[in-house]
Amino acid sequence: MRSDEPVGHPPSSWTAPLPAHPLVTWLTRFGQRVRQADRRRPWVLDLAVVAALFVVFCLPDLIPHDEDGGPEQLLLTFRHLPPVGTLALQAGLVLPLLWRRRAPSVALALTAAAFLVQWSLGVVLRADIALLVALYSVTLHGRLRHLPWACAAEVALLIPVAARVSGFVSFWEALFFLLTALTAAVALGLAVRIRRAQLASLRDRAAQLEIERDQRSRLAAATERVRVAREMHDIVGHNLSVIITLADGGAYAADVAPGRSKEALRLVGDAGRQALGELRRMLGVLREKGDTPELDPQPGIADLDALCARIRAAGPEVVYRSGGELDTLDRGVQLMAYRIVQEALTNTLNHAGPRTRIDVLIAADGRELRIRIRDSGRGDGPAQLVDPSEKGNGLAGMRERAALYGGTVDAGPTPGGGWVVTAVLDIAPPPGSPGGTP
């Protein structure tokens with residue numbers, strides 16, 4: 001760090017932006033205004049270029065000048081035409097530049113033709129600079145495949161000019177000067193063209209990145225909506241199903257067994273409080289404030305016992321069995337398994353009723369987690385062989401959850417008249433990770 005830099009300031013860096021000079025700022029704004037005006041009225045700039053060339057290079061040849069030597073000696077050696085003839089040749093050289101951007105090759109051809117007529121008459125004019133302007137326009141605005149032919153045509157025109165003035169300067173010196181001017185015109189046109197192409201590419205890239213950003217935002221919002229809808233479906237759908245079943249059972253038992261009715265009301269309160277707690281946790285995650293209160297952890301496989309107990313309290317006989325090292329599973333896998341079992345039990349309660357038997361099996365073998373929920377069907381009539389997903393998105397939600405872990409979910413009727421849901425989740429560690437296959 002330099003010793004003269006104040007303490008607390010970052011060190012100087014070559015990446016730091018240069019301070020904008022007032023002249024640079026003014027030229028930048030002036031250039032922006034010119035480009036905006038040119039987009040509205042492009043013919044104004046073309047006319048201004050022609051007018052500037054006429055004032056700077058044409059007027060001096062129309063004004064009478066001294067015949068003495070000096071730098072005018074070369075001009076006085078060649079043939080002089082009347083002002084009308086000089087003006088006609090100047091018009092032939094300069095006026096085609098009005099189309100230098102719309103038809104650059106045609107403008108160059110017309111200018112070259114006027115140049116050829118002029119030198120065949122033995123006349124030298126300052127307006128010959130129009131030939132270089134036309135070549136610059138072909139390089140900048142024309143098709144690049146026309147550029148070699150344009151350069152070859154101009155070289156063919158300039159070689160006789162260098163030979164014509166060889167009586168005053170060396171032929172090679174004159175040819176070098178003319179070819180240098182031609183090369184400068186082409187180089188300037190290529191530099192401006194490349195710069196414009198780069199700016200256009202950057203603008204297109206910026207527009208594409210903005211579109212991709214908006215698309216990613218919409219996709220993220222859609223994914224979040226699907227996730228929230230799935231969680232809300234699991235929370236609200238399951239608990240409401242349990243509450244409705246308990247309420248119906250409590251109303252039936254109010255006359256014959258008031259004690260059972262009181263117990264049903266207590267279970268309804270417990271299910272409602274659990275649903276309210278899960279809703280608060282879900283909505284708390286969606287908050288944007290930084291002072292989100294402490295939330296309970298998401299349910300896992302250890303909470304399946306309580307889940308089966310709530311379903312069992314609603315009437316069905318639930319038998320829960322488990323196997324394998326389930327407590328060591330990832331929290332995301334445990335939540336996935338819990339939600340799948342919760343959705344399957346809710347569907348069974350809705351479609352098979354409270355007089356069914358439900359067998360829940362969940363087992364892990366190190367590479368796969370297998371889940372099976374099987375019910376015996378309705379206890380008061382024939383089995384209802386209807387896909388539970390027909391009345392909602394329960395089965396679709398289970399399949400979406402399983403797909404996140406490369407798993408599958410199958411559901412269908414059983415020969416005994418019930419329904420079975422089978423899910424297989426891939427819990428094997430990815431290759432290269434600790435405990436995975438190298």
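## Gln118 in helix 5

Gln118 sits in helix 5, which spans residues 104–120 (helices are DSSP runs of H or I with at least four residues, numbered from the N terminus). With a relative accessibility of 0%, Gln118 counts as buried (buried is under 20% relative accessible area, exposed is over 50%, partly exposed is in between, using a 1.4 Å probe and protein chains only). Its side chain makes a 2.9 Å polar contact with the side chain of Asp128 (a pair of N or O atoms within 3.5 Å, where one must be able to donate a hydrogen and the other to accept it, and residues adjacent in sequence count only if both atoms are side-chain atoms). Leaving aside residues up to four places away in sequence, Gln118 touches Leu89, Leu93, Val123, Val124, Leu125 and Asp128 (contact means heavy atoms within 4.5 Å).

Keep in mind that this is a predicted model: local features need pLDDT of at least 70, side-chain atom pairs count only at pLDDT 80 or more, and totals for chains, interfaces and linings use all residues. Numbering starts from 1 along each chain as its sequence is written, and side-chain values use heavy atoms, with hydrogens and water left out.

## Aromatic pairs

There are two aromatic pairs in the structure (rings of Phe, Tyr and Trp, the last by its six-membered ring, with centres within 6.5 Å; planes under 30 degrees apart are stacked, over 60 edge-to-face, the rest tilted). The Phe115 and Trp119 rings have centres 6.0 Å apart and planes at 50°, so this pair is tilted. Both residues lie in helix 5, four residues apart, or about one turn of the helix. Phe115 is buried at 4%, and Trp119 is buried at 12%.

Phe171 and Trp172 make an edge-to-face pair, 5.1 Å centre to centre with 75° between the planes. Here Phe171 is partly exposed at 24%, while Trp172 is exposed at 64%.

## Salt bridges

The count comes to six salt bridges (a side-chain nitrogen of Lys or Arg within 4 Å of a carboxyl oxygen of Asp or Glu). One of them joins Arg101 and Asp46 at 3.0 Å, N to O. That pair links distant parts of the chain, 55 residues apart: Arg101 is in the loop between helix 4 (83–94) and helix 5, and Asp46 is in helix 2. Asp46 is buried, with 4% relative accessibility.

Glu210, Arg213 and Asp214 are linked in a salt-bridge network. Arg213 meets Glu210 at 3.9 Å and Asp214 at 3.4 Å. Arg213 and Glu210 are three residues apart in helix 8 (residues 171–256), about one helical turn.

How values were computed: Helix = DSSP H or I, 4+ residues; strand = E, 2+ residues; numbered from the N terminus.
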